[in-house]
Amino acid sequence: MSAAALGVAVGRSEDDRTRLARAVLLLLEGLSTRQGQYLEALDHYQGELGDGDALDQVMNRLKGRSPAVLVSIGGANYESRSVNRRMYLASYQIELAVVSTHLASVESRSAGGADRYDAQADPGIYKMLHDVRGRLAGRAPNVAGAGKLIPESEDVVYQGAGMNIFSARYSVALSFKQPSFSETAPIAAESSDVTATQLTEATQ
């Protein structure tokens, strides 16, 4: 599937987190049923899986579709990279909810069951984590200024009732230039209680 079909074509007003989420989904597209593989759902969610609300959101997003990978872009740390404070490096945290609902035993669900030779069958959570890592680790998402994706951790979030959910965490650095005040649209004085004169006096 093309980047445009996945919504990866980015407009000027789109935020960095949305662009990163879409670019990560594009890197994982090769594992989808659209490409003859096994992922029934590739989507996004908000929050962290350790939060019950976020886990509920993942369940609602799935709507019975599995196996699945859902992507969330979390917090970021910023570092100035220039004397004039206009070049920055943002380090983003990316969390993936990797979901398997193999209907065999817990052991078979984890390792992949008798359907492991069927490319579109649920391969089990361990194989899914391996495949996701193979698609993401060391690769740069197609976002201007983005570095390579670095794997951080893989942890069990939920296991039981016919479902395995792991959290796979990655980080990525994104460099960007902050425009100067002269490059941004002026703020009309009449739209604020603070006049332009007061603002000038306050900054002198």
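Helix α1 gives the most to the lining of the second largest pocket, with five residues. This is a predicted model, where local features need pLDDT of at least 70, side-chain atom pairs count only at pLDDT 80 or more, and totals for chains, interfaces and linings use all residues. Residues are numbered from 1 along each chain as its sequence is written, and side-chain values use heavy atoms, with hydrogens and water left out. The structure holds six salt bridges. Helices (H or I, at least four residues) and strands (E, at least two) are DSSP runs, numbered from the N terminus.

**Second largest pocket**

- The space in the second largest pocket is about 210 Å³. A pocket is an open set of points on a 1 Å grid over the protein atoms alone, where a 1.4 Å probe fits, with protein on both sides within 12 Å along at least five of seven lines.
- Grid points are joined across faces, edges and corners, and the volume is the space filled by probe spheres set on the points.
- Lining residues have an atom within 4 Å of a point. Among them are Asp 15, Arg 17, His 44, Gln 46 and Ile 73.
- Both α1 (16-28) and β2 (68-80) supply at least two residues each of this lining.
- By type, the lining has five nonpolar, four polar and three charged residues. Ala, Val, Leu, Ile, Met, Phe, Trp, Tyr, Cys and Pro count as nonpolar, Asp, Glu, Lys and Arg as charged, and the others, Gly among them, as polar.

**Salt bridges**

- A salt bridge is a side-chain nitrogen of Lys or Arg within 4 Å of a carboxyl oxygen of Asp or Glu.
- Asp 16 and Arg 19 form one at 2.0 Å, N to O. Both residues lie in helix α1, three residues apart, about one turn of the helix.
- Asp 16 is buried at 19% relative accessibility. Buried means under 20% relative accessible area, exposed over 50%, and partly exposed in between (1.4 Å probe, protein chains only).
- Arg 65 pairs with Asp 43 in a salt bridge, with the closest N and O atoms 3.9 Å apart. Arg 65 lies in the loop between α2 (52-62) and β2, and Asp 43 in strand β1 (residues 41-44), so the pair ties together parts 22 residues apart in sequence.
- Arg 65 is partly exposed at 33%, whereas Asp 43 is buried at 16%.
- Arg 169 and Glu 95 form a salt bridge, their closest N and O atoms 3.1 Å apart. This pair links distant parts of the chain, with Arg 169 in strand β5 and Glu 95 in strand β3 (residues 87-100), 74 residues apart.
- Arg 169 is partly exposed at 25%. Glu 95 is buried at 4%.

- Ser 171 lies in strand β5 (residues 163-177). Its relative accessible area is 13%, so Ser 171 counts as buried.
- The side chains of Ser 171 and Glu 152 make a polar contact of 2.6 Å. A polar contact is a pair of N or O atoms within 3.5 Å; within protein, one must be able to donate a hydrogen and the other to accept it, and residues adjacent in sequence count only if both atoms are side-chain atoms.
- Not counting residues up to four places away in sequence, Ser 171 touches Tyr 92, Gln 93, Lys 148, Leu 149, Ile 150 and Glu 152. Contact means heavy atoms within 4.5 Å.
- Phe 166 is also in strand β5. Phe 166 is buried, at 9% relative accessible area.
- Phe 166 and Asp 155 are 11 residues apart in sequence and 5.4 Å apart in space, C-alpha to C-alpha.
- Beyond residues up to four places away in sequence, Phe 166 touches residues including Leu 49, Leu 96, Ile 125, Leu 129, Asp 155 and Val 157.
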